[in-house]
Amino acid sequence: MTHHDADDLTRLHRRLVDAADHEGILDLTYRSVDSPVGELLLVASPDGLVRVAFEREGHDAVLARLAAEVSPRILRSGRRTDEAARQLEQYFEGRRRDFQVPVDLRLVHGFRRKVVEHLQEIPYGRTESYAAVARAAGNPNAVRAVGSACSHNPVPVVVPCHRVVRSDGSIGQYLGGTDAKAALLALESA
Amino acid sequence: MSATRLRPGSQGPEPFEAVVARHGADVLRLCRALLGPADADDAWSETFLSALRAYPRLHPGSDVRAWLLTIAHRRSIDQLRRRARSATPVPDLPDLPAAEDATTQMSGRIDGELLAALDRLAPKQRAAVVHHHVGGLPYAQVAELIGSSEAAARRSAADGIARLRELRELRAGTAGDRDDRDDGDDRSDR
């Protein structure tokens, strides 16, 4: 492979993304974005952001799972994901308090869906307890299920599950690691 | 969220991006060998677009490379037919590397000079040579691809190689005429 060939393949890849999108067979696109909590993977369907994944989840493993659960028609492209990446950069620079990108919650069902939908209403810089979220989602006894729903939130950071903490004030578990959760809460309280 | 359970390829097809990354260069090489650089881009694009279309239905355990090369061959043949209809003039004398054996040369990277020489072969010879010596397919599969018997495919490949040697010798004998040849613009892939 010469540099020339690599350029040709890059150009052809872009052309493939265009044609696939035009034909309606570009089911998922993805790109990554650097952040203070490590590289984030962003995956989007035509309807919106489907998945945000932390480095520790293994981006290849996440994509393989999406291929099995959603569609294997997955191509790397900034199409659909560039805007989310831009807003995430602003967020981490402290210049943005909420995200204005469409989110596709097709990976979440049932009670977890209710929880994740409620999470979107917790404002920047505020926290709620797992018990409060359980009440808001319509099942006050399902505190443990709320914890599980948060830890399976497919679009962390953008859907702010990091704003849910334990009643005793300790921060609780997080898919991106407790350090990442602490960093996000610190950013928002600054 | 166990990553080990979800190794790429272990369950259903892997993300299509991985297929493009792994086989994109080989498909381009094949298309260029069959068509020359000008039409190869279109054949590459059509190959991956139709592969993406069918990808979710691809039988698990399929030989993805052979599948892609088969599609690339068909798309290239389509291009050749279109080209025949529009009666593109036959290119000028090929520029062949003088020192190396044609077969050895082809098992590695294909360069512009060899592409030009391949362009001089009859379509069946070219297809047989490329599929066997570049694509690495056995003659039985080559035969299927070009629509002839295995013996005929073997003969086409042998005739093609003989013709390449002949062209090379011709080229070696007329090395001084190089400046008169116009193998520039229409071979450029930019």
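Predicted model: local features only at pLDDT ≥ 70, side-chain atom pairs only at ≥ 80, totals over all residues.

A: Strand 1 (residues 28-33) of chain A runs antiparallel to strand 2 of chain A, and five bridges join the two. Within this pairing, Ser32(A) stands opposite Leu41(A) of strand 2. The two strands form a hairpin with six residues between them. Gly38(A) sits in that turn and has a positive phi of about 95°.

Strand 2 of chain A also pairs with strand 3 (residues 48-53) of chain A. This pairing is antiparallel too, over five bridges. Here Val43(A) has Arg51(A) in strand 3 as its bridge partner.

Now the burial of strand 2. In a regular strand the side chains alternate between the two faces of the sheet. Leu40(A), Leu42(A) and Ala44(A) point one way from strand 2 of chain A. Leu41(A), Val43(A) and Ser45(A) point the other way. All of these residues are buried. Because six of the six residues of strand 2 (residues 40-45) are buried, the strand is largely enclosed by the rest of the structure.

Next, the contact between the chains. Chain A brings 31 residues to it and chain B brings 30 residues. Chain A and chain B bury about 2,700 Å² between them, with 63% of that area on carbon and sulfur atoms. Leu16(A), Pro72(A) and Arg73(A) supply 20% of the area that chain A buries against chain B, more than any other three residues.

On the side of chain A that touches chain B, the elements giving two or more residues are helix 1 (3-23), helix 2 (59-69) and strand 4 (74-76) of chain A. Helix 1 of chain A gives the most to that side, with 13 residues. By class, the side of chain A that touches chain B has 16 nonpolar, four polar and 11 charged residues.

Five salt bridges are counted between chain A and chain B. In one of them, Arg15(A) pairs with Asp42(B). The closest N and O atoms of this pair are 2.4 Å apart.

Arg53(B) and Asp42(B) are 11 residues apart in sequence and 16 Å apart in space, C-alpha to C-alpha. Arg53(B) touches Glu23(A), Ile25(A) and Arg73(A), leaving aside residues up to four places away in sequence. Its relative accessibility is 34%, so Arg53(B) counts as partly exposed.

The charged pairs also extend within the chains. Over all chains, the salt bridge count comes to 23. Side chains of opposite charge can pair when their charged atoms come close. Asp21(A) and Arg79(A) meet through their side chains in a salt bridge of 3.0 Å, N to O. This pair links distant parts of the chain, 58 residues apart. Asp21(A) is in helix 1 of chain A, while Arg79(A) is in the loop between strand 4 and helix 3 (82-92) of chain A.

Asp21(A) lies in helix 1 of chain A and Arg80(A) in the loop between strand 4 and helix 3, so the pair ties together parts that are 59 residues apart in sequence. The relative accessible area of Asp21(A) is 28%, so this residue is partly exposed. Arg79(A), at 31%, counts as partly exposed. Arg80(A), at 26%, is also partly exposed.

The side chains of Arg154(B) and Glu150(B) meet in a salt bridge, 3.5 Å from N to O. The two are four residues apart in helix 8 of chain B, so about one helical turn separates them. Arg154(B) is partly exposed at 44% relative accessible area. Glu150(B) is partly exposed at 39%. Elsewhere, salt bridges that share partners join Asp5(A), Asp8(A), Arg11(A), Arg32(B) and Asp41(B) into one network.

Ser156(B) also has its place in helix 8 (residues 150-173) of chain B. At 13% relative accessibility, Ser156(B) counts as buried. It touches Lys124(B), Gln125(B) and Ala128(B), not counting residues up to four places away in sequence.

How values were computed
Residues numbered from 1 in each chain as written. Chains lettered and ligands numbered in written order. Heavy atoms only, no water. Buried < 20%, exposed > 50% of the residue type's maximum accessible area, 1.4 Å probe, protein only. Pairing = 2+ DSSP bridges. Contact = heavy atoms within 4.5 Å. Buried area = accessible area lost by both parts, 1.4 Å probe. Salt bridge = Lys/Arg side-chain N within 4 Å of Asp/Glu carboxyl O. Nonpolar A, V, L, I, M, F, W, Y, C, P; charged D, E, K, R; others polar.
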